[in-house]
Structure formats: structure tokens, C-alpha cells
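Subject: A structure for you to explore

Hello! Here is the structure I promised to pass on to you. Have a look at it first, and then read my notes below.

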Amino acid sequence: MRTELRWNMALSRGLRCCQRVFSWIPVLIITSVILWSYYAYVFELCLFTLTNTFEKVVYLLVFHVCFLMFTWTYWKSIFTPPASPCKKFQLSYSDKQRYEMEERPDAQKQILIEIAKKLPIFTRAQSGGRLTTIRFCDRCQVLKPDRCHHCSVCETCVLKMDHHCPWVNNCVGFANYKFFLLFLSYSMLYCIYIAATVFQYFFKFWVGDLPNSPAKFHVLFLMFVALMFFISLMFLFGYHCWLVAKNRSTLEAFSAPVFGSGPDKNGFNVGIRKNLEQVFGEDRRLWLIPVFTSQGNGHYFPLKSSSSDSQNPLLSNEDMWEESDDCSEEGSLVEDQDPSVTIEMEEE
């Protein structure tokens with residue numbers, strides 16, 4: 001029996017290891033395309049095809065600015081760790097012991113309700129179309145903050161999770177959503193700049209005005225790849241611009257967040273300007289720079305003024321939560337709690 005258990009554990013570890021290795025394949029593909037595009041543009045086009053020195057210098061300077069911003073934002077999107085709920089949302093040792101020792105489901109729910117009263121949680125999960133339940137992740141043992149979801153790939157709960165992107169091998173959420181948007185925008189700029197500057201030489205090679213050379217293949221292919229990526233990125237970037245304007249995540253666009261009053265797809269929409277500032281910050285000089293400037297700490301998000309949940313007594317301590325970026329300040333207690341609210345173990 002023990003031998004079989006060990007084999008199962010070893011097999012599970014091996015599968016997880018293979019999954020981690022294979023998850024980098026899309027990133028390697030994109031990286032290979034980027035490196036080839038750099039070689040094709042800098043060497044085959046600028047150094048081997050262009051004859052005008054001034055044109056070479058201008059093309060190379062602008063190209064390297066676009067390339068730097070493109071690769072910088074891609075790097076930040078990949079290697080910025082997903083933000084997870086802080087310790088305030090985790091069950092303490094004593095609460096966990098009390099919860100596990102309690103055999104009655106109703107009593108277990110009451111324990112979690114008492115913990116939830118101290119936290120700025122407004123969203124719920126529907127159960128049976130009637131009751132609303134406070135969202136709890138039994139894998140991470142945390143009460144989920146608003147807009148937080150469990151990622152089965154990253155095996156953790158992610159604050160303001162948007163989606164798990166295989167092309168960056170990372171969860172796109174509160175910690176790196178700005179970087180992801182900038183990555184999309186600079187990717188489009190990179191592609192359109194290449195297409196615009198390569199077009200005349202693409203046409204000359206196509207009609208035969210330039211002699212056949214190894215550069216011909218690279219220039220022709222560079223034009224097609226740049227246009228292909230630009231068109232696909234344009235639709236994705238436009239969709240995320242719409243999401244930012246509405247203050248929704250991809251997950252929320254498909255499934256509206258549920259509040260005490262019911263589902264509301266515009267529950268976090270506080271106006272276009274404030275929606276933009278939540279992602280990019282108040283200092284507009286830093287909007288286009290891949291440095292973290294998003295507002296808050298990902299555990300609490302303002303609700304639209306028309307929402308009935310905005311009258312929750314916990315909002316009186318909104319400033320405390322916004323200023324506590326490390327989530328180290330004590331949360332406020334909610335005096336009133338809807339007695340119909342229960343707790344449900346939720347796996348996403």
C-alpha cells in the first residue's frame with residue numbers, strides 16, 4: 001500500500017514538472033519570433049538592404065525604442081508574480097483548528113461568517129439561485145476578496161484575476177494588469193512600425209526592383225508576420241480597453257459579480273476616469289511606463305455609488321484599506337450581516 005502511494009506521489013510530481021516545462025513553450029515561441037524579427041529588421045533590412053545612412057540611423061533609433069518598450073513590458077508581464085490575498089483573509093491557526101474540530105456544517109459556516117465580518121468583502125456566490133454565499137477557497141484556505149479567483153494553473157488565489165495567459169505563462173491580475181495592457185499596446189506599436197517601414201522594400205522585392213538576396217525572404221516574411229500579429233493584437237487590445245473603461249475583468253465580463261442585492265455587471269464601474277486611474281494610477285506621466293502605479297492593494301475596490309452594497313458600514317473605513325498596501329492594518333468590523341448569507345466551499 002505504501003509503495004503504491006509513493007508511486008502515485010512520484011507520478012503526480014512528474015506530471016506537474018512536465019506541465020511546468022511545457023507551459024513555457026508558448027513563451028519560447030514568442031521569444032523566438034521576437035529575436036528573429038530583431039535580426040531580420042536590424043541586419044537584413046537596415047544593415048544589408050538600406051543604402052541611405054541617414055535612413056539607417058533613423059530607422060534603427062526608433063526601432064530600438066519600440067523594441068525596448070515591447071520587451072520590457074513583456075518581461076514584466078511574465079515575471080511579475082500574481083498577487084495573492086494577505087494573511088488577513090487566511091484562517092488563523094486558532095480559527096482553522098476551531099473550524100476543523102467543529103463537525104456541524106452550520107457551526108462551521110458561522111465560524112467563517114464571524115471571520116468575514118472583519119473583512120471588506122462585498123461580492124457573493126449564488127447557490128441554488130436564491131441564497132448568496134461568501135466565497136471561500138478550500139484549497140488556499142482563504143476567504144476570497146472581491147474580484148479574487150483561484151487559478152488552477154498557478155495553484156493559488158489571484159487578486160483581481162483577469163485570466164491565465166499561456167503567452168506570458170502567468171496569471172494576469174491586479175499585480176501585472178497594467179503591464180499586460182502596455183505589452184499589448186507596445187506590441188501593436190512594434191508591429192505597425194515594422195510594417196510601415198518595411199512596406200516599400202517589401203514592394204520592391206515583390207516586383208523585382210531589388211535583386212534576389214537572403215534579405216528578400218526575411219523582408220517579405222517580416223511584413224506578413226507584422227501585419228498578422230498587429231491584426232490579432234488589435235482585437236485583443238480593443239477588448240481590454242473596453243473592459244478597463246467598464247472596470248471589469250475578463251471573468252466578470254462572462255459572469256457578473258454577485259452582491260448582496262444580486263448580480264451587477266457594473267458593480268465596480270465608478271466612471272471612466274476613475275476606472276483608468278485604478279489600473280494606471282493618478283500620475284499620468286507614468287501611465288506609459290511599465291512601473292507599478294495601480295491604486296490600492298487589490299483587496300478592496302470602490303463600488304459604484306448607486307449600488308446598495310455601497311451603504312455597507314465597512315465603507316466608513318475605506319481609507320484604512322486603501323492606505324494599507326501591505327494589508328497590515330487591522331480591518332474594520334461590520335456590525336450588520338445579512339442572516340441569509342452563508343458560506344460555501346468554492347473551487348474555480
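A pocket, on a 1 Å grid over the protein atoms alone, is an open set of points where a 1.4 Å probe fits, with protein on both sides within 12 Å along at least five of seven lines; lining residues have an atom within 4 Å of a point. Grid points are joined across faces, edges and corners, and a volume is the space filled by probe spheres set on the points. The largest pocket here holds about 500 Å³ of space.

Please keep in mind that this is a predicted model: local features need pLDDT of at least 70, side-chain atom pairs count only at pLDDT 80 or more, and totals for chains, interfaces and linings use all residues. Residues are numbered from 1 along each chain as its sequence is written, and side-chain values use heavy atoms, with hydrogens and water left out.

Back to the pocket. Its lining has 30 residues, and Ile30, Phe183, Ser187, Phe229 and Leu233 lie nearest the centre. Helix 7 gives the most to this lining, with eight residues; helices (H or I, at least four residues) and strands (E, at least two) are DSSP runs, numbered from the N terminus. By type, the lining divides into 22 nonpolar residues (Ala, Val, Leu, Ile, Met, Phe, Trp, Tyr, Cys and Pro), one charged (Asp, Glu, Lys and Arg count as such) and seven polar (the others, Gly among them).

Now for the interior. Of the protein's 348 residues, 46% count as buried, meaning under 20% relative accessible area, with over 50% called exposed and anything in between partly exposed (1.4 Å probe, protein chains only). A nonpolar core is a set of buried Ala, Val, Leu, Ile, Met, Phe, Trp, Tyr and Cys residues joined through side-chain atoms within 4.5 Å. The largest one has 53 residues, and Tyr41, Phe63, Tyr74, Ile194 and Val198 have the most contacts inside it. Helix 6 supplies the largest share of this core, 17 residues. Tyr41 touches Phe63, Ile194 and Val198, among others, where contact means heavy atoms within 4.5 Å.

Finally, how many disulfides does the structure hold? It holds zero, a disulfide being a pair of cysteine sulfur atoms within 2.5 Å. Cys140 is in no disulfide either, with the nearest cysteine sulfur, that of Cys157, 3.7 Å away.

Enjoy exploring!

Technical notes:
Lists of a residue's contacts leave out its neighbours within four places in sequence.
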